[in-house]
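Please open the model in your viewer and keep the selection panel at hand.

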Amino acid sequence: MSAAPRIDLHTHSTASDGTLGPAELVRAAAESGLDVVAITDHDTTAGWAPALAALPAGLSLVRGAELSCRWYGEEPPVPLHLLAYLFDPDAPELVAELARVRAAREERGERIVALLRADGIDVSWPEILVGAAGGTVGRPHIAQALIRAGLVTTTTEAFGPDWLGERYRLPKEDIDVFRAVRLVRAAGGVPVFAHPRASRRGRIVPDELIADLAAIGLAGLEADHEDHSPAERAHVRALADELGLLVTGSSDFHGTHKTVRLGAFTTDPEAYERIVAEACGVTEVASG
Ligand code: AMP
Ligand code: ZN
Ligand code: FE
Ligand code: FE
């Protein structure tokens, strides 16, 4: 009998803030021994076509995205990430929301740069846009500018409280998380809450919100993720059990913008099969 398939359902390419191009990403996934990989760039499907075109034999590709969402139940509203799998990339309302969020990211990035420059820090917005190379702009691209300027040495340091983690952190206009879950389902996709207990990144949401999202179509929770402590992983599993949600584990690979490797965390085949079974859009798992 062959070994259980290795399934990594959360990775980023240069279509957002990863450092491997979509084609390089799928090749690296195959080289890492993965059987299934999902491409989940922030707020874009731009990496889908090049990943598909380069799909190595034996690798399955789940086309997805990680949507920048916000919960407006607290003041200030809490940012959160929703993974969306196998949705119709042409669903008009979802397409419009993604475009709006990408524009909001540019506007926020430019304001962060203005704050830095007002404090005499020599970073330039046009240069950051060049660094993002047409992909969805994020704080990791600003972190690279801080590294180039010699102000910090690592991305982790750039996300510390003196920099992009707090002092120069600004909110952006994200998608209301209830609307996002509904739009993903309406587009035939399957929504999974990314790293829901990652308290080291900032505020987290209460379990009651997750129950409310489950009631309107949330399919699952990402439990095994490097930003979750063992206690946080156990909490997510117990909550998923209680709510009848599936559980995933993923690397959230970002190339050299993070230290985590492809396949560092994986998803059980049963949970993966549930995602595929629940998807009813035009987008199918592609096999190389
Ligand atoms: P943004 O989407 O622009 O708000 O930036 C968030 C992204 O920055 C996340 O998706 C991660 O890729 C990255 N990130 C967040 N926190 C950290 C951290 N502490 N160290 C490195 N990268 C981080
Ligand atoms: Zn990212
Ligand atoms: Fe995320
Ligand atoms: Fe991510």
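Are H10 and H12 buried or exposed? Both H10 and H12 are buried, where buried means under 20% relative accessible area, exposed over 50%, and partly exposed in between (1.4 Å probe, protein chains only). This is a predicted model, in which local features need pLDDT of at least 70 and side-chain atom pairs count only at pLDDT 80 or more, while totals for chains, interfaces and linings use all residues. Residues are numbered from 1 along each chain as its sequence is written, chains are lettered from A and ligands numbered from 1 in the order in which they are written, and side-chain values use heavy atoms, with hydrogens and water left out.

Next, select the iron ion (ligand 4). Donors here are N, O and S atoms within 2.8 Å of the metal (3.2 Å for Na, K and Ca); water is not among the atoms, so sites may look incomplete. Along the chain, the donors of the iron ion (ligand 4) follow the spacing H-x1-H-x53-E-x185-D. The angles subtended by the 4 donor atoms run from 76 to 166°, which makes the arrangement irregular. Four donors count as tetrahedral if all angles lie between 85 and 135 degrees; four count as square planar and six as octahedral if opposite donors are over 155 degrees apart and all others between 65 and 115; anything else is irregular. The zinc ion (ligand 2) is 4.5 Å from the iron ion (ligand 4).

E66 lies in strand β3 (residues 60-71) and H81 in strand β4 (residues 78-85), so the pair ties together parts that are 15 residues apart in sequence. Strands are DSSP runs (E, at least two residues), numbered from the N terminus. E66 counts as buried at 1% relative accessibility, and H81 is buried with a relative accessible area of 18%. The distance from the iron ion (ligand 3) to the zinc ion (ligand 2) is 5.7 Å.

Finally, select ligand 1. The residues around ligand 1 include D17, H42, R105, R139, H254 and K258, each with a heavy atom within 4 Å. One oxygen atom of ligand 1 lies 2.9 Å from a polar side-chain atom of R105. For H254, an N or O atom in the side chain is 2.7 Å from an oxygen atom of ligand 1. Taken alone, ligand 1 exposes 490 Å², of which the protein buries 85%; accessible areas come from the Shrake-Rupley method with a 1.4 Å probe.

How values were computed:
Helices (H or I, at least four residues) and strands (E, at least two) are DSSP runs, numbered from the N terminus. A polar contact is a pair of N or O atoms within 3.5 Å; within protein, one must be able to donate a hydrogen and the other to accept it, and residues adjacent in sequence count only if both atoms are side-chain atoms.
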